[in-house]
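Please keep your viewer at hand and stop at each site as we come to it.

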Amino acid sequence: MISRLSWLLTLLMSFFVVSYSGIEQAEEILAKDERQKNPFANDPKAVEVGKGSFRYYCAGCHGMEGAGGFRGPDLIRGELTHISDDQDMMQVVRHGIQGTQMPASTLPDDNLWRIISFVNHLRAESQQRTLGGDWDSGKRIFFGKGFCSDCHMVRGTGGRFGPDLTGIGKTRPLKSFVESTRDPSAQFKNVVHADGRMAGGFQSVQLVTEKDSKIIGVIRNEDTYSIQILDRNEKFHSYYKKELTKIIYLDESLMPPYPDSVLSDQELEDLLVFLTNPKN
Ligand code: HEC
Ligand code: HEC
């Protein structure tokens with residue numbers, strides 16, 4: 001009888017111990033959950049998917065490569081103000097930052113983790129980057145065989161049709177520079193506002209006027225009633241929308257593609273060195 005009782009006691013005790021340590025374990029798991037790791041850390045596929053979502057949801061403010069845009073700060077270079085690890089970034093992206101333009105997000109966790117993977121990937125890439133290009137060769141290509149200067153400025157010289165490329169290597173990794181030069185339209189399609197329009201101020205467009213003439217260019221300004229565009233010859237066209245029969249937003253870049261038969265990878269690296277650094 002006694003032995004049976006003690007057996008029962010032991011059983012009860014051990015049950016208590018087991019369930020107690022069970023609670024402890026659960027608490028530990030909860031604590032870990034609060035500092036949850038990114039389940040997609042260093043997963044190349046997640047980085048790729050995250051890139052698409054980043055460009056869709058975040059690039060309108062933070063720029064296509066996260067290096068800062070009209071309304072959001074640089075997320076790639078240097079220290080972040082609000083963030084020391086992935087979990088902090090999750091908190092910021094999930095809940096936004098009160099009193100600023102940084103919005104909360106309702107995307108599922110998995111999507112946000114993938115976006116975070118993409119941001120971390122860019123941060124890592126920008127840290128380990130050292131360029132091995134030839135500045136003088138880059139200069140010759142920019143003004144000569146690449147005719148980039150027809151449309152782009154560097155340090156005050158060149159065209160105004162495309163964005164100023166001065167210092168671009170400080171915000172764009174070589175890979176992304178190569179990507180936008182080899183296939184400008186691919187990049188173009190990726191970078192859209194949540195309303196389906198391109199971010200960054202170089203949306204290409206075709207205007208059809210009442211006289212049925214067609215003007216192609218990049219939008220420099222647009223509001224509800226009017227639109228201003230710059231054409232390939234750097235001529236400004238300004239219209240009230242009611243003067244136009246049609247506004248066609250194009251999903252093609254007006255920049256020509258440069259395949260490697262035209263400019264080699266080395267030549268693009270030379271270009272990037274020239275664009276990024278003021279002198280030899
Ligand atoms: C409407 C514009 C806007 C959008 C869209 C936006 N952000 Fe932001 N974001 C901001 C602004 C502005 C700040 C800076 C807030 C401040 O002043 O601290 C910020 C801050 C951040 C920070 C903190 C930076 C730091 O230094 O700590 C991170 C991380 C961030 N955003 C990521 C994202 C991600 C990822 C997305 C897309 C899911 C996104 N943001 C979408 C405007 C935006
Ligand atoms: C016919 C005009 C034209 C020429 C020539 C041209 N570009 Fe562009 N480029 C543009 C326009 C317009 C944009 C902005 C819209 C876009 O991305 O398509 C652009 C965008 C870019 C971007 C992306 C900039 C950013 O901030 O993301 C890069 C990089 C670039 N061009 C590099 C070059 C290089 C390098 C050359 C020469 C080898 C070149 N471009 C020649 C018109 C041109």
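Around the iron atom of ligand 2, six donor atoms subtend angles of 85 to 179°, which makes the arrangement octahedral. Donors here are N, O and S atoms within 2.8 Å of the metal (3.2 Å for Na, K and Ca), and since water is not among the atoms, sites may look incomplete. Six donors count as octahedral if opposite donors are over 155 degrees apart and all others between 65 and 115. The protein supplies His 152 through NE2 and Met 255 through SD, lying 2.0 to 2.1 Å from the iron. His 152 sits in the loop between helix H6 (135-143) and strand E1 (153-154), and Met 255 in the loop between strand E7 (244-249) and helix H9 (265-276), so the pair ties together parts that are 103 residues apart in sequence. Helices (H or I, at least four residues) and strands (E, at least two) are DSSP runs, numbered from the N terminus.

A word on the ground rules: this is a predicted model, in which local features need pLDDT of at least 70, side-chain atom pairs count only at pLDDT 80 or more, and totals for chains, interfaces and linings use all residues. Residues are numbered from 1 along each chain as its sequence is written, chains are lettered from A and ligands numbered from 1 in the order in which they are written, and side-chain values use heavy atoms, with hydrogens and water left out.

Buried means under 20% relative accessible area, exposed over 50%, and partly exposed in between (1.4 Å probe, protein chains only).

Now turn to ligand 1, which 20 residues surround, the closest being Cys 58, Cys 61, His 62, His 82 and Met 102. The cut-off for this is a heavy atom within 4 Å. An N or O atom in the side chain of His 62 is 2.8 Å from a nitrogen atom of the ligand. Backbone atoms take part as well: an N or O atom of Thr 81 lies 2.8 Å from an oxygen atom of ligand 1, and a polar backbone atom of His 82 is 2.7 Å from an oxygen atom of ligand 1.

Finally, look at helix H4 (residues 86-95), where seven of the ten residues are buried, so the helix is largely enclosed by the rest of the structure. Among them are Met 89, Met 90 and Arg 94. At the N-terminal end, Asp 85 caps H4, and just after the helix Gly 96 takes a positive phi of about 75°.

Terms used: A polar contact is a pair of N or O atoms within 3.5 Å; within protein, one must be able to donate a hydrogen and the other to accept it, and residues adjacent in sequence count only if both atoms are side-chain atoms. Four donors count as tetrahedral if all angles lie between 85 and 135 degrees; four count as square planar and six as octahedral if opposite donors are over 155 degrees apart and all others between 65 and 115; anything else is irregular.
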